[in-house]
Amino acid sequence: MDILEVGIPGKWEPNLPDGHISHFALDIGGSLIKLVYFSTNDEFDVVDKAGRLGKQSLGKGRFHFANFETSKINDCLEFIQTKQLHLGGCQHLEAPPTDTTIIKATGGGSYKYADLFKEKLGICLDKEDEMDCLVAGANFLLKAVHQEAFTFMHGQKEFVNIDHNDLYPYLLVNIGSGVSMLKVDGEGKFERVSGTNVGGGTFWGLGRLLTNCKSFDELLELSHKGNNRMIDMLVGDIYGGMDHSKVGLSSTTIASSFGKAVSDNKELADYRPEDISRSLLRMISNNIGQISYLNALRFGLKRIFFGGFFIGGHTYTMDTISVAVHFWSKGEAKAMFLRHEGFLGALGAFMSYGKHGFDDLMFHQLIQSAFLAGDKIGSPTNGKLSENESI
Ligand SMILES: Nc1ncnc2c1ncn2[C@@H]1O[C@H](COP(=O)(O)OP(=O)(O)OP(=O)(O)O)[C@@H](O)[C@H]1O
Ligand SMILES: CC(C)(CO)[C@@H](O)C(=O)NCCC(=O)O
């Protein structure tokens, strides 16, 4: 489980106390559960329209982010219980007062695990569509968070200035277990234009089988030390060390991922797990980069934002995706990454508290405070996950 905290405004503050937890939201995906909650320190007693006593925040506070493997959902339930997040949730104003806490949730698991949450914590999951949430989360981050988007190519990271008046349209590619591609035209205006089943789950699933790695991080770590040329068949392998320049293929371009394994006459055990992991990561990242570009081309989109936990701020993954987009678009399209990449859906679900009359904690005011000029969500500058520059 990873837990991260971000201050508003200000810097990364790893071990701050939680304060009053006002809302939390969940994105329960095929591989990971993402949890976002908001805590405030300044608060006072209020009585809501239903006569219930509660705490009202002044709108200053912090977003907290945590994630859990979906297969270890009990850890997530325990975390909610220990932090008493569910006691800070809200009740629907139109409904008669009950003991049931309603929590915004998205992702397939909000359907699959609804009964479990009810049974274990008395929480009723209020389901929001995962695509709506991804888009709401991405739009929120791009507009409200300073230095949220960046490019990454050949080891160089560059933050992108987002012009709020020239943000749309863009292609949002969310690389989770599977991959969704959405053409975003505005707030709540989007279409899921494509997807691919070759995604983060494929990398981790195949990688686990091929290398016997015990964790995703271990598999990624291996990939850093690997050399994909040991397994991939390059153009040069086919052309006797030469480029095939007539069609723009250099000798070092991968002609066929894992292609060398066909003629090498080796067994799986003869290959280094590091090289296998590297080839796999490149194959999947390349493929996603290429499909993304083709979809951008389909709709004339120049900007492609990548999200999802598969990226995990990993430089090699981002580099490979960027190079693929650059290569196929001949430099016309740009791959951009988001610092809060894995939390788009959870943030979108969180934002949806503002939509349906959940205003006993003046949710609108709370969210608006995060939008105020100069009061943007701070960026993590140090701390546990900052090594990969991603929260
Ligand atoms: N600790 C981890 N355990 C498992 N997968 C991880 C881990 N860290 C990163 N990943 C990668 O993140 C991917 C999951 O990303 P994400 O959480 O965005 O998707 P998801 O919501 O679970 O999937 P989907 O949206 O398809 O249901 C995994 O497939 C894997 O590639
Ligand atoms: C099924 C979802 C939407 C669940 O998040 C995701 O895993 C996905 O987009 N998979 C790819 C499905 C496809 O378009 O082939």
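Residues are numbered from 1 along each chain as its sequence is written, while chains are lettered from A and ligands numbered from 1 in the order in which they are written. As the model is predicted, local features need pLDDT of at least 70 and side-chain atom pairs count only at pLDDT 80 or more, whereas totals for chains, interfaces and linings use all residues.

The protein has 12 helices and 17 strands; these are DSSP runs numbered from the N terminus, with helices (H or I) of at least four residues and strands (E) of at least two. Of its 391 residues, 45% are buried. Here a residue is buried if 20 or more other C-beta atoms lie within 10 Å of its own, exposed if 12 or fewer, and partly exposed in between, with C-beta atoms placed from the backbone. Among contacts with a separation of 6 or more, 68% link residues 24 or more positions apart, a contact being a pair of residues whose C-beta atoms, placed from the backbone, lie within 7 Å.

The expected span is 1.5 Å times one less than the number of residues in the helix. Gly200, Thr202, Phe203, Trp204, Gly207 and Thr211 are the buried residues of H5, and their cover includes strand S11 (170-175), helix H6 (216-225) and H9. Asn212 follows H5 and has a positive phi, near 65°.

Helix H9 (residues 273-298) has 26 residues and reaches 37 Å between its first and last C-alpha, close to the expected 38 Å. Gly300, with a positive phi near 65°, follows H9. H9 packs against H6 at an angle of about 95°, with the axes 7 Å apart; axes are lines fitted to C-alpha atoms, for helices over the stretch in contact, and angles run from 0 to 180 degrees between N-to-C directions. H6 and H9 are therefore roughly perpendicular to each other, given that angles of 65 to 115 degrees are classed in this way, those under 35 as roughly parallel, those over 145 as roughly antiparallel and the rest as oblique. Leu219, Leu222, Ser223 and Lys225 of H6 make the contact with Pro273, Glu274, Ser277, Arg278 and Leu281 of H9. These residues divide into 4 nonpolar, 2 polar and 3 charged, where Ala, Val, Leu, Ile, Met, Phe, Trp, Tyr, Cys and Pro count as nonpolar, Asp, Glu, Lys and Arg as charged, and the others, Gly among them, as polar.

H11 is mostly covered, with 8 of its 8 residues buried.

Turning to the ligands, 20 residues surround ligand 1, the closest being Gly29, Gly30, Gly176, Gly200 and Phe309; a residue counts as near a molecule or strand if its C-beta atom, placed from the backbone, lies within 6 Å of it. H5 gives the largest share of this shell, 4 residues. The shell around ligand 1 has 6 nonpolar, 13 polar and 1 charged residues. The residues around ligand 2 include Gly29, Gly30, Glu130, Gly176 and Asn197. Strand S12 (179-186) and strand S13 (189-196) are the elements that give two or more residues to the shell of ligand 2, which by class has 1 nonpolar, 10 polar and 1 charged residues.

Most residues other than glycine have a negative phi, and most peptide bonds are trans. Tyr168 and Pro169 are joined by a cis peptide bond, with omega about -10°, and Pro169 is found in the loop between strand S10 (156-159) and S11. Gln147 has a positive phi, near 50°, and is found in the loop between H4 and strand S9 (149-153). With 12 other C-beta atoms within 10 Å, Gln147 is exposed. Phe258 has a positive phi of about 65°, and its 17 C-beta neighbours inside 10 Å make Phe258 partly exposed.

How values were computed:
Two residues are in contact if their C-beta atoms, placed from the backbone, lie within 7 Å.
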